[in-house]
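Have a look first, then read on.

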Amino acid sequence: MHAGSIKQHAKMLRFFIFFFLFIHSCVAAPKIPAAVPATKWLTLNGQEPAVVARGGFSGLFPESSASANDLAISTSSPGLTMLCNLQMTKDGVGLCLSDIRLDNATTISTLFPKAQKTYKVYGQDLKGWFVLDYSADTIFSNVSLVQNIFSRPSIFDGQMPVSAVEDVLGIKPPKFWLSVQYDAFYMEHKLSAAAYLRSLRFRGITFISSPEIGFLKSIGMDALRAKTKLIFEFKDPEAIEPTTNKKYSEIQKNLAAIKAFASGVLVPKDYIWALDSANYLKPASTFVADAHKAGLEVYASGFANDYRTSYNYSYDPSAEYLQFVDNGQFSVDGFITDFPPTASQAISCLSHQKANLPKIGNALVITHNGASGEYPGCTDMAYQKAVDDGADVIDCSVQMSKDGMAFCHDSADITATTNAMTTFMSRATSVPEIQPTNGIFSFDLTWAEIQSLKPQIQSPFSTSGGFQRNPANKNAGKFMTLVDFLEFGKAKAVTGVLINIQASLFHY
């Protein structure tokens, strides 16, 4: 396959993965039946964690577009909080945009191709098209939004106008969160986020967050009168907070001091559950417990269905949300997410499931080679994990060895699921009745030879693209004979077993 075809296939693969994750998120979270008792959450106040939509449904539509905001409200559970990243035009109008530069989220570069500038922002030179160089009228009349994460579909690019803060407030979201990221930078250029907020009289604003202590302190009395919660945002631990010139890791050591000017903190999710070099979860930090002890709510950011996350979640975005709210030790007080329906479902439908949620109907769960997304398929560990996960029926596709041993394996060709190519390459043959390509077939090896092989976990996704499954267990487990499989099913008292007889047995 030539390079162009490979790139095209990779692009299509990313699209289908994204589409699946989008469908995963698009069903509004159902209401919990009235008979279910109220859940006691391990949040600071014992209340349900908040779902905060970053720019609406920004996982699909351009951030803070009207469509993103409308879809977020219509597909998420009640009480959704809409987050707007505040940027300011040169005439002091507040816009909802992800960055102080327009070029990553709008069509500005095609309209004014020679208008790039360089500004020093927190000690770093940034080059681009900056919001503060344009009037609101210029932006509203000429500029349209694009998806600011380039791996996401671009089909809505150039079709939607930039939203003013007042536009988003005008749709009356259940709650509204204004994120003020660059107040010190704007102040250097004679623009004031605090003055802009006072012009709005803080009306309709539930939360205001900022990584700048000085800004939060400057609006403290106004926010108190308006009953607006102030949230201090932690950046990278080694980054410098501009008011105190201290690293955020140093500020973290005294969370009690934050309580004097804020009611909560916002942190990247790895402050709470960090990943090791192999992309597995490390033990949880004490950040949530420490913040709750100081009387601070904790909000976590960085959640999206289409981001690569820990292998512990098995590519299930709901599992990641549950890790932060239903782990038996603590719960964050809310998420910042690009896919608010998924977070809503995790909280309303999937959390505390064993204790609280009744089963309205029973769907029969049948495995595919056991828990073959966690362990190599058809191994003892894959079947054990399937039973532990609550599978009703476990399956066995029967293959035969050369000496007549019936065992469980997905295919008569064992090259993709074992290391047979390194051990028995000379035994590869062609069997056109089974498949068009050469393979190493079970019926050409004795059971002892098959047992000597290492099983290998399979993935439907391209491993070169980073979508490998659970590499820590990629060779774990042993293949089971049909007799052992049946005994296992009987011992575990599963509802049933599914035996699949393949055409390759007739060749045997």
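Helix α16 passes α19 in a right-handed crossing (the near helix is turned clockwise from the far one by less than a right angle). This is a predicted model, where local features need pLDDT of at least 70, side-chain atom pairs count only at pLDDT 80 or more, and totals for chains, interfaces and linings use all residues. Residues are numbered from 1 along each chain as its sequence is written, and side-chain values use heavy atoms, leaving out hydrogens and water.

**α16 and α19**
- The axes of α16 (residues 380-388) and α19 (residues 482-492) come within 12 Å and cross at roughly 20°, so the two helices are roughly parallel (angles under 35 degrees).
- Tyr383, Gln384 and Val387 of α16 meet Phe485, Phe488 and Lys492 of α19 (contact means heavy atoms within 4.5 Å).
- By class, this contact of α16 with α19 has four nonpolar residues, one polar and one charged.

**α13 and α14**
- Pro317, Ser318, Tyr321 and Leu322 of α13 touch Thr342, Ala343, Ala346 and Leu350 of α14.

**The buried face of α2**
- In α2 (residues 66-75), Ala68, Asn69, Ala72 and Thr75 are buried (under 20% relative accessible area, 1.4 Å probe, protein chains only).
- Seen down the axis of α2, its buried residues fall within an arc of 155°, so they line one face of the helix.
- Their cover includes β1 (50-54), β2 (81-88), α5 (165-170) and α14 (340-350).

Technical notes:
Buried < 20%, exposed > 50% of the residue type's maximum accessible area, 1.4 Å probe, protein only. Helix = DSSP H or I, 4+ residues; strand = E, 2+ residues; numbered from the N terminus. Arc of directions from axis to C-beta. Axes fitted to C-alpha atoms, helices over the stretch in contact; angles between N-to-C directions. Parallel < 35°, antiparallel > 145°, perpendicular 65-115°, else oblique. Nonpolar A, V, L, I, M, F, W, Y, C, P; charged D, E, K, R; others polar.
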